Amino acid sequence: MTQPILYSLRNCPYAMRARIALFKANQSVAVREVKLNNKPAEMLKASAKGTVPILVVENDLKSTLIIEESLEVMLWALAQSDPNDLLRKDEPMVLPSMLSLIARFDDEFKTHLNAYKCAKRYKENNLIECRQACEVYIQELEDCLSVGTADNQTNKTSYIISDQESLVDIALLPFIRQFAKVERQWYQQSPYPKVKQWLNHYLQSVMFTKVMTKFDVWNSTN
């Protein structure tokens, strides 16, 4: 199989979580950084949808697999290799539960997060209400991260569904990062110590540095 091609945008949370899963799977890809206001013809040929990420996989039979959704990219990558058992392959009931949680955050939390970001950007008068709508989900994560870690002084990093990292952690990471950036000062003082510890664990990791590598904008002459 030739090296897969990933059309990506560095700070897009969906592209970010696709890159994280590819990294976790030790799956090498050719990253093509794009601008969405000047999409390359090759990207649009691969997917008329024209959003990132798009993964193009050519196999030895010259057939091509096009994966257009970030979660599908993650599942494909981890199906190839999952050394950290992020999919919990020996626990068949866990994956549907993880996918359900991810879907709820993608559908519900992301809607509230977009409103929160807009309220901050445009100085709207409902900023606090928008933040509080997001906090319902942040508190849920805080509760999950606190399970089994009664000693709040411990330096041990906990994860969302257990003491072991899973698909849920890397799928939600980019969106919690966005939440933390809306009102940085408020976030630093917020009553979510486990969420802050969990997020810092990722943001300060070698993994995150690598998946956030800057690439020049790709075009067909690159």
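Tutor: Let's settle what a pocket is. On a 1 Å grid over the protein atoms alone, a cavity is a set of points where a 1.4 Å probe fits but cannot get out, while a pocket is an open set with protein on both sides within 12 Å along at least five of seven lines; lining residues have an atom within 4 Å of a point. Grid points are joined across faces, edges and corners, and a volume is the space filled by probe spheres set on the points. This is a predicted model, in which local features need pLDDT of at least 70, side-chain atom pairs count only at pLDDT 80 or more, and totals for chains, interfaces and linings use all residues. Residues are numbered from 1 along each chain as its sequence is written, and side-chain values use heavy atoms, with hydrogens and water left out.

Student: How much space lies in the second largest pocket?

Tutor: Its lining includes Arg177, Tyr187 and Leu203. Helix 6, helix 7 (184-188) and helix 8 (193-203) each give two or more residues to that lining; helices (H or I, at least four residues) and strands (E, at least two) are DSSP runs, numbered from the N terminus. The space in the second largest pocket is about 160 Å³.

Student: Which element gives the most to the lining of the largest pocket?

Tutor: The largest pocket has a volume of about 190 Å³, and Arg19, Leu22, Phe23 and Lys210 are among its lining residues. Helix 1 and helix 9 (206-211) each supply at least two residues of that lining. The most, 3 residues, comes from helix 1.

Student: How do the residues of that largest pocket's lining divide?

Tutor: Here's the sorting rule: Ala, Val, Leu, Ile, Met, Phe, Trp, Tyr, Cys and Pro count as nonpolar, Asp, Glu, Lys and Arg as charged, and the others, Gly among them, as polar. For the lining of the largest pocket, that gives 6 nonpolar, 3 polar and 2 charged.

Student: Are helix 1 and helix 3 roughly parallel or roughly antiparallel?

Tutor: Their axes are 8 Å apart and the angle is about 0°. Axes are lines fitted to C-alpha atoms, for helices over the stretch in contact, and angles run from 0 to 180 degrees between N-to-C directions. Angles under 35 degrees count as roughly parallel, over 145 as roughly antiparallel, 65 to 115 as roughly perpendicular and the rest as oblique. So helix 1 and helix 3 are roughly parallel.

Student: How many residues of helix 3 are buried?

Tutor: Buried means under 20% relative accessible area, exposed over 50%, and partly exposed in between (1.4 Å probe, protein chains only). Leu71, Met74 and Trp76 are among the buried residues of helix 3. Their cover includes helix 1 (13-24) and helix 4 (94-121), where contact means heavy atoms within 4.5 Å. In helix 3 (residues 70-80), the buried count is 8 of 11.

Student: Is Asp85 buried or exposed?

Tutor: Asp85 is in the loop between helix 3 and helix 4, and its phi is near 55°, a positive value in a residue other than glycine. Its relative accessibility is 18%, so Asp85 counts as buried.

Student: And what about Asn26, buried or exposed?

Tutor: Asn26 also has a positive phi, near 55°, and sits in the loop between helix 1 and strand 2 (30-33). With a relative accessible area of 61%, Asn26 is exposed.

Student: Which peptide bond is cis, with omega near 0°?

Tutor: Most peptide bonds are trans. Look at Pro53, in the loop between helix 2 (41-46) and strand 3. The cis bond is the one from Val52 to Pro53.
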